[in-house]
Amino acid sequence: MSTDKVPSLRHQVRVKVGLIGDAQVGKTSLMVKYVQNVFDEEYTQTLGVHYLERKVVLGSTDVIFSIMDLGGQREFINMLPLVSEGAVAIVFLFDLTRPETLNSIKEWYRQARGFNETAISILVGTKYDLFVEMDSKYQEEVSRTAMKYAQVMKSPLIFSSTQSSINVQKIFKVVIAKAFNLTLKVPEYKQIGEPLLIYKSLGPTRPPSPNKRQVHTPPPSS
Ligand SMILES: Nc1nc2c(ncn2[C@@H]2O[C@H](COP(=O)(O)OP(=O)(O)OP(=O)(O)O)[C@@H](O)[C@H]2O)c(=O)[nH]1
Ligand SMILES: [Mg+2]
């Protein structure tokens, strides 16, 4: 029997994703959970930019997520171009228990857009596990405000909990669906009080050409 290696016909696509938002909203936790499946209760401030990769198999294509997470302290703002430029998607994160972090999104969005006009943007409210325990009036107010922001930003809206593994994988599934114009079979959650997952009516339904989004598809290796 021949043991010759069959030449690989797999395509590889690199998808850069930037994670942006105020300090302690949970950017690093989300990235580490998605890539390494661990969660740490303890806070370690990100000094500058933190980078991790994860491969996702999509039919005959390997999607390599290059995830860049920018420390939320203002002193690292000079590294915003490094995280934003060439990104296929920028995920804007705010802490659902701290409304001021949602307010900050306006400025993060304005500045990141200055470096990248074409990236898909996604708005993510973090720490849903804590939020769901809070006063229902508060939950309603924050949810409605977040929905308005998502509409203005033309962005899918996702509430997630890294601690309780809620909607973490789905954030990246939505990135792939939007970037490659694929239909996602994940049900939406649109009712206030639920971990919101609204992506069908928000964000691009037909993305610009892959070149514009800077998705690099090298020829299959043989
Ligand atoms: N309860 C709860 N805590 C969380 C969640 N996600 C993150 N945290 C906690 O929030 C704190 C801040 O998380 P980080 O991921 O370090 O925040 P960051 O946005 O990277 O912060 P900077 O690096 O300063 O920009 C840590 O103590 C985490 O354990 C979550 O989903 N639920
Ligand atoms: Mg961090």
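N37 is exposed, having 9 other C-beta atoms within 10 Å, where a residue counts as buried if 20 or more other C-beta atoms lie within 10 Å of its own, as exposed if 12 or fewer do, and as partly exposed in between, with C-beta atoms placed from the backbone. N37 sits in the loop between helix 1 and strand 2, and has a positive phi of about 55° although it is not a glycine. Most residues other than glycine have a negative phi.

The model is a predicted one, in which local features need pLDDT of at least 70 and side-chain atom pairs count only at pLDDT 80 or more, while totals for chains, interfaces and linings use all residues. Residues are numbered from 1 along each chain as its sequence is written, and chains are lettered from A and ligands numbered from 1 in the order in which they are written.

The chain has eight helices and seven strands, taken as DSSP runs (H or I of at least four residues for helices, E of at least two for strands) and numbered from the N terminus. Of its 222 residues, 37% count as buried. Among contacts between residues at least 6 apart in sequence, 74% join residues at least 24 apart, a contact being a pair of residues whose C-beta atoms, placed from the backbone, lie within 7 Å.

The seven strands form an open sheet of mixed pairing in the order 2-3-1-4-5-6-7, two strands being paired if DSSP finds at least two bridges between them. Strand 2 (49-58) and strand 7 are the edge strands, and each pairs on one side only. Within the sheet, strand 4 pairs with strand 1 in the parallel sense over four bridges, and V17 stands opposite A89 in strand 4. Strand 4 also pairs in the parallel sense with strand 5, over seven bridges, and here F94 stands opposite G125 in strand 5. Strand 6 (residues 157-159) and strand 7, by contrast, run antiparallel and are joined by two bridges, with I198 in strand 7 as the bridge partner of L157.

Helix 4 (residues 105-115) packs on this sheet, touching strand 1 (11-20), strand 4 (89-95) and strand 5 (120-126), and its direction makes about 165° with that of strand 4; axes are lines fitted to C-alpha atoms, for helices over the stretch in contact, and angles run from 0 to 180 degrees between N-to-C directions. Helix 7 packs on the sheet as well, touching strands 1, 2, 3 (61-70), 4, 5, 6 and 7, with its direction at about 165° to that of strand 5.

Seven of the seven residues of strand 4 are buried, so strand 4 is largely enclosed by the rest of the structure. Both of its faces are covered, with A89, V91, L93 and D95 buried on one side and I90, F92 and F94 buried on the other. In the loop between strand 4 and helix 3 (99-103) lies L96, which is buried, with 29 other C-beta atoms within 10 Å. L96 and G125 are 29 residues apart in sequence, yet 5.3 Å apart in space, C-alpha to C-alpha. Not counting residues up to four places away in sequence, L96 touches G125, T126, K127, Y128, F131, V142 and F159.

Helix 7 (residues 168-180) has 13 residues and reaches 19 Å from its first C-alpha to its last, close to the 18 Å expected at 1.5 Å a residue, the expected span being 1.5 Å times one less than the number of residues. Its buried residues are V168, I171, F172, V174, V175, A177, K178 and A179.

P195 lies in the loop between helix 7 and strand 7 (197-198) and is partly exposed, with 19 other C-beta atoms within 10 Å. Leaving aside neighbours within four places in sequence, P195 is in contact with Y128, F159, S160, I166, N167 and Y189.

Ligand 1 is surrounded by 24 residues, of which the closest are G26, T28, S29, T46 and G72; a residue is near a molecule if its C-beta atom, placed from the backbone, lies within 6 Å of it. Helix 1 (27-36) and helix 5 (128-131) each supply at least two residues of this shell, and helix 1 gives the most, with three residues.

Key:
Contact = placed C-beta atoms within 7 Å.
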